[in-house]
Amino acid sequence: MARKETSENPGRLKQIALTYKMTRRVDRWIGFVIAGVGVVTFGVLLAIGFWLGHPVYLGILGFLLAFLAMAIVFGRRAERAAFSQMEGQPGAAAAVLDNIGRGWTVTPAVAVNRQQDVVHRAVGKAGIVLVGEGNPNRVRNLLASEKKRMARIVGTVPVHDVVVGTGEGQTELKKLRTKLLKLPRTLPGHQVTEVNDRLRAMGDLMNNLPLPKGPMPRGMRMPKGPTRR
């Protein structure tokens, strides 16, 4: 057990260091902010300790709370930096959907046009969510076409559409996961499975891609199908 923990710690520390370097490229004040949060938290608890006559106990508590506060602030600023780097990048919405959590089946790129605007699909207890990224006007046309294509298959299943962006009526990339998780849950588990089976039978862009006849060329990879969560 001791050897296992020792082997895991360097990996975690290295990951934290890489995350800090990535965040610092976008947020150059991250070090000062984290240090300031830690010093202020510890100083406040220590001052309360002297006032109450228990500086040692409050000092220990202040150290622990300062470490916790620093971790929380670092995590939030690192997440904000990651989203700022992903914003506007092709496939960013698919990356967010892929980490939405359990209970969702995500199928990336169910519709794409020549301008590389794309629509992704997520199916869960909230129904079907179509997420578009790209030019807002073209994306809305893609969403309308995909809704029409699914109309005969999904029946009365709720279908939500989201356009990722920073304009009016759009959802920022960093708020996409929260928006989906806040949708009302209206479908039981067995119906979610049925909807997924119907959509899978209907096919999607990745499944309908033409494949060359004969042996597959070296280095070529098959496209990935839906990701179950």
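## The overall plan

Along the sequence, the elements of the protein chain follow the pattern α-α-α-α-β-β-β-α-β-α-α-β. That makes seven helices and five strands; both are DSSP runs numbered from the N terminus, with helices (H or I) of at least four residues and strands (E) of at least two. This is a predicted model, in which local features need pLDDT of at least 70 and side-chain atom pairs count only at pLDDT 80 or more, while totals for chains, interfaces and linings use all residues. Residues are numbered from 1 along each chain as its sequence is written, and side-chain values use heavy atoms, with hydrogens and water left out.

Of the 229 residues in the protein chain, 31% are buried. Here buried means under 20% relative accessible area, exposed means over 50%, and partly exposed is in between (1.4 Å probe, protein chains only). The chain exposes about 15200 Å², and carbon and sulfur atoms supply 59% of that area. These areas come from the Shrake-Rupley method with a 1.4 Å probe, and for residues only the protein chains shown count as cover.

What share of the contacts between residues at least 6 apart in sequence join residues at least 24 apart? The share is 61%, where contact means heavy atoms within 4.5 Å.

## Two annotated stretches

An unreviewed UniProt entry carries the annotation "transmembrane region" for residues 29–50 and 56–75. UniProt positions are given in the numbering used here, feature names are shortened, and annotations may be inferred rather than shown by experiment.

In the model, residues 29–50 are 95% helix and 0% strand, with the end C-alpha atoms 31 Å apart. Residues 56–75 are 100% helix and 0% strand, and there the end C-alpha atoms are 29 Å apart.

## A nonpolar patch and an aromatic pair

Look for Val40, Val44, Ile48, Trp51 and Leu52, which make a nonpolar surface patch of about 540 Å². Patches are made of residues with over 30% relative accessible area and no salt bridge; like charges are joined within 9 Å, and nonpolar side chains (Val, Leu, Ile, Met, Phe, Trp, Tyr) within 5 Å. Valine 44 sits in helix H2 (residues 30–52) and is partly exposed, at 43% relative accessible area.

A pair of aromatic rings is described by the distance of the centres and the angle of the planes. A search of the whole structure turns up one aromatic pair. Tryptophan 29 and phenylalanine 32 form this tilted pair, with 5.7 Å from centre to centre and 55 degrees between the planes. Rings of Phe, Tyr and Trp (its six-membered ring) pair if their centres lie within 6.5 Å; planes under 30 degrees apart count as stacked, over 60 as edge-to-face and the rest as tilted. Tryptophan 29 is partly exposed at 47%, whereas phenylalanine 32 is exposed at 60%.

## Salt bridges

Side chains of opposite charge can pair when their charged atoms come close. How many salt bridges does a search of the whole structure find? There are four, each being a side-chain nitrogen of Lys or Arg within 4 Å of a carboxyl oxygen of Asp or Glu.

One of them joins arginine 149 to glutamate 146, with the closest N and O atoms 3.0 Å apart. These two residues are three apart in helix H5, so about one helical turn separates them. Arginine 149 is partly exposed at 34%, but glutamate 146 is buried at 3%. Glutamate 146 also contacts Val110, Ala111, Arg121, Leu130 and Met202, leaving aside neighbours within four places in sequence.

Another bridge links aspartate 161 and lysine 147, at 2.5 Å from N to O. Because aspartate 161 lies in strand S4 (residues 159–164) and lysine 147 in helix H5, this pair ties together parts that are 14 residues apart in sequence. A further bridge joins arginine 200 and aspartate 197, at 3.0 Å from N to O. They are three residues apart in helix H7 (residues 189–202), so about one helical turn lies between them.

## A buried valine

Is valine 118 buried or exposed? Valine 118 is buried, with a relative accessible area of 10%, and its place is in strand S2 (residues 118–124). Not counting residues up to four places away in sequence, valine 118 touches Ala109, Ala111, Val112, Val131, Gly132, Glu133 and Leu142.
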